[in-house]
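Visitor: Could you walk me through this model with me asking as we go? I'd like the cut-offs spelled out whenever a term comes up.

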Amino acid sequence: MKFPKEFRQILQNAEKVVVFTGAGMSAESGIPTFRGEDGIWKKLRPEELANFNAFMKNPELVFEWYQHRRNIIEKCEPNPGHYAIAEMEKHFKKVTIVTQNIDALHHRAGSKNILELHGNITRNYCLSCNTFYNSNEIKFIERKPICENCGGLVRPDVVWFGEGLPQDIWNEAEQAAKFCDLCIIVGTSGVVYPAAYIPMYAKEANAYVVDINISPSELSSRCDLFLSGKSGEILPLIVEEIKNMKDY
Ligand code: OAD
């Protein structure tokens, strides 16, 4: 893949980079995306599973659905795209990963500066006393996930429909976007807000914005460059380009 000159210059000179990722980032690791033909929301109704009322009505069902997704995620490995992003930290002054994904694959690939806008499926917490639990530590009573500390209900530490994003993480992501030189969007449909504001903040702040996706998204036409293809293939090529250009 030959990258345009303008993008190559940005890669050479950028200091602060924001990588904004969505479910397409992990598709090549074997984790289903949400929208599209094989997407999760084609088969299941988010209003029955991914919201607080659904959990209170049927905690067993909702928790089992998250356990099922955890089992899938645990068996998956980061793909070459995750590793390429982790490697970018060596080549820029600051790389901030702002992810909508809850699968923790950026962590497992070795990235350090990760802001999880929608939470993390490996964590859980008690609704009553806020005690945190890893997924393998939870005790169940009649299939309900129960806090050992206070007997309250334990929920996954993910953001559900209708819930706000974690404020401190959002503030940090917003600041990173408003002060970056380059924003790389990876594998998101860009339809879920407020997350999708992140690349737009970068654009408004005159950063160069690149979108990597197998097909154009809601965000693509507003970007400086659209790179069509799989992120697991394109991101390693970007890192190669950086290594070839930078004078070490
Ligand atoms: P979507 O499922 O909406 O979009 C996935 C995007 O990835 C699509 O635009 C695909 O074209 C693209 N894609 C698929 N495979 C790819 C690949 N190998 N390389 C590059 N792109 C690829 O997922 P998100 O945009 O992440 O929210 O969805 C946003 C939010 O909606 C999620 O965080 C989740 C969901 O409801 C919550 O759970 C709060």
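Visitor: Where is Ser128 placed?

Guide: Ser128 is in the loop between β4 (119-126) and β5 (132-134), where strands are DSSP runs of E of at least two residues and helices are runs of H or I of at least four, numbered from the N terminus. This is a predicted model, in which local features need pLDDT of at least 70 and side-chain atom pairs count only at pLDDT 80 or more, while totals for chains, interfaces and linings use all residues. Residues are numbered from 1 along each chain as its sequence is written, and side-chain values use heavy atoms, with hydrogens and water left out.

Visitor: Is Ser128 buried or exposed?

Guide: Ser128 is exposed, with a relative accessible area of 56%; buried means under 20%, exposed over 50% and partly exposed in between, with a 1.4 Å probe and protein chains only.

Visitor: And what does Ser128 touch?

Guide: Not counting residues up to four places away in sequence, Ser128 touches Cys150 and Gly152, with contact meaning heavy atoms within 4.5 Å. Ser128 and Tyr201, 73 residues apart in sequence, are 36 Å apart in space, C-alpha to C-alpha.

Visitor: Switching to the ligand, how many residues surround it?

Guide: The ligand is surrounded by 23 residues, and the closest are Phe34, Arg35, Thr188, Ser189 and Asn213; a residue is near a molecule if one of its heavy atoms lies within 4 Å of it. By class, this shell has eight nonpolar, 12 polar and three charged residues, where Ala, Val, Leu, Ile, Met, Phe, Trp, Tyr, Cys and Pro count as nonpolar, Asp, Glu, Lys and Arg as charged, and the others, Gly among them, as polar.

Visitor: What percentage of the ligand's accessible area does the protein cover?

Guide: The protein covers 90% of the 800 Å² that the ligand has on its own, with areas from the Shrake-Rupley method and a 1.4 Å probe; for residues, only the protein chains shown count as cover.

Visitor: Back to Asn213, then; where is it?

Guide: Asn213 is found in strand β10 and is buried, with a relative accessible area of 11%. Leaving aside neighbours within four places in sequence, Asn213 is in contact with Gly187, Thr188, Phe226, Leu227, Ser228 and Gly229, and a polar atom of its side chain lies 3.1 Å from the backbone nitrogen of Ser215.

Visitor: What about His106?

Guide: His106 lies in helix α8 (residues 105-108) and is buried, with a relative accessible area of 3%. Beyond four places in sequence, its contacts include His82 and Ile85, which are also among the buried residues of α7.

Visitor: What do the buried residues of α7 pack against?

Guide: They pack against β1 (16-21), α2, β2 (94-99), α8, β9 and α11. At the start of α7, a side-chain oxygen of Asn79 reaches to within 2.7 Å of the backbone nitrogen of Gly81.

Technical notes: Polar contact = N/O pair within 3.5 Å; in protein donor to acceptor, adjacent residues only side chain to side chain.
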